[in-house]
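Hi,

Here is the structure I said I would pass on. Have a look at it first, and then read my notes below.

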Amino acid sequence: MKVLAIDDQQLVLLPLQKRLLELGYEVNIETNSAKGLEIYDSIQPDLVIVDINMPGVSGLDVVKYIRRTKKHSTPIMILSGNTNDETITKGFDLGIDDYMKKPLSLNEICARVKRLIGVPNLSEANTNSNVMIQQRCVGVVIPCYNEEERLLSKEFIDYIDKNTGYHLCFVNDGSKDNTLNVLKELQEGREDFITVYDCEKNGGKAEAVRLGMLHMSKKEDLDYIGFLDADLSTDLSDFDDLVKTIEQSDFKIVSGSRISRMGANITKESARKIISLTINFIIRKILSMDFKDTQCGAKIFHKDVIAVAFDKKFVTQWIFDVEIFKRITLHFGLTKAKSMLCEQPLKRWIHADGSKLSMKDSFKIIGQLAQIAWVYRSKKPITQEAVKPTFTIVN
């Protein structure tokens, strides 16, 4: 039994393909809908699963080709995040057999496939799966410097195995230990979901994040891109809550906030907390915004603001987050910037042992804030040219 699945987001297709193969189906996937039609003609599948919103040839165009041009009765299932009633009605008028709205569990998708075309005779695979096919695809940049001992590889692997739509980009920031080999092992066999971006020289967290964000922005199938600390001080489930907020709103940036409150597990060293409050007071004055916490290492961005926030090299090493918000303000204006930014309290944030930022470094931040205030004093965006990095992408 042959299944053809067409969707412009590969992160949606890969887990679907894997599950249907496990159940005994022969599965072809394609991210280019025009090429998908060519595959349809060549293999004559028993079932077509197609997305609606695709560039060029849309999902409804695919349905028209099969039903009107070829005059075939091949079963067609729509798997889409489009919930517009008029679109759904038009799909059924054209002759689709089923319409599935993302997010949707793989269990339900497979049950619908079986209902339409049956089950392969050779299929003895377990039909249970806790994986969800998501509506959006997300890139996550994780900067790594000498993380050989602290990198929580199992947590990252378990998460992408259970949560579709995520692509992790680990940036090795010129580590002097065995971090690069650890990342390569983590990536092995998961190249479609994990990228290792290797900087030959250590450039600091700000530059590692910036290069990773720009690299991920080139991936066409990603809707949102964010960054997260390698020690998972903010865990992946909390990060996913930030993604849900940006997905369901008009915000362009959603930033995690380590606000202590009832029901949240937020821990900080006492001295660090006092310094943080002092620094935050200065930051609010610089940004002219009532931010509670700009420095949390968990943020998610709509793809269309990546260039504004990350195109130029940052002038500071540790508080580049403040520069990001300042760039957004200068580019869009203060009023609009406030409407684009969301600060979302986290359920959990734990200060991890082995943090690279010392108390002495915390005092240096005061000087870096003065530097930001000086460099960004103009109402026009800075024109500093970015330094071309030396790096390799590990495939």
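For the first item you need one definition: a charge sits over a ring if NZ of Lys or CZ of Arg is within 6 Å of the ring centre and within 35 degrees of the ring normal. In this predicted model, Arg377 and Trp374 make such a pair, with the charged end of Arg377 over the Trp374 ring at 3.8 Å from its centre.

Staying with rings, how many aromatic pairs does a search of the whole structure find? The answer is seven. One of them joins Phe310 and Phe314, an edge-to-face pair with 6.1 Å from centre to centre and 85° between the planes. Both of these residues are buried. They also belong to one aromatic cluster, together with Phe227, Phe301 and Phe320.

Next, the backbone. As a reminder, most residues other than glycine have a negative phi, and most peptide bonds are trans. Here are the places to check against that:

- The peptide bond between Lys102 and Pro103 is cis, with omega at about -5°. Pro103 is in the loop that runs between β5 (98–101) and β6 (104–105).
- Lys71 has a positive phi, near 55°. This residue sits in the loop between α3 (59–69) and β4 (76–80), and it counts as exposed because its relative accessibility is 67%, with the cut-off for exposed being over 50%.
- Asn146, not a glycine either, has a positive phi of about 55°. Its place is the loop between β8 (138–144) and α6. At 25% relative accessibility, Asn146 counts as partly exposed.

Then there is the second largest pocket, which holds about 410 Å³ of space. It is lined by 16 residues, and those closest to its centre are Leu14, Pro15, Lys18, Asp161 and Phe193. Two elements, α1 (10–22) and α6 (153–162), each give two or more residues to the lining; α1 gives the most, with five. By type, the lining has seven charged, six nonpolar and three polar residues.

Last, the start of the chain. Met1 is in the segment before β1 (2–6) and is partly exposed, at 39% relative accessibility. What does Met1 contact, leaving aside its neighbours within four places in sequence? The contacts are Tyr25, Glu26, Asp46, Ile117, Gly118, Val119 and Pro120. Glu26 is 25 residues along the chain from Met1, and their C-alpha atoms are 5.9 Å apart.

Cheers

Methods:
Residues numbered from 1 in each chain as written. Predicted model: local features only at pLDDT ≥ 70, side-chain atom pairs only at ≥ 80, totals over all residues. Heavy atoms only, no water. Helix = DSSP H or I, 4+ residues; strand = E, 2+ residues; numbered from the N terminus. Buried < 20%, exposed > 50% of the residue type's maximum accessible area, 1.4 Å probe, protein only. Contact = heavy atoms within 4.5 Å. 1 Å grid on protein atoms, 1.4 Å probe; cavity = no way out; pocket = protein on both sides within 12 Å on 5 of 7 lines; lining within 4 Å. Points joined across faces, edges and corners; volume = space filled by probe spheres on them. Nonpolar A, V, L, I, M, F, W, Y, C, P; charged D, E, K, R; others polar. Phe/Tyr/Trp six-rings, centres within 6.5 Å; stacked < 30°, edge-to-face > 60°.
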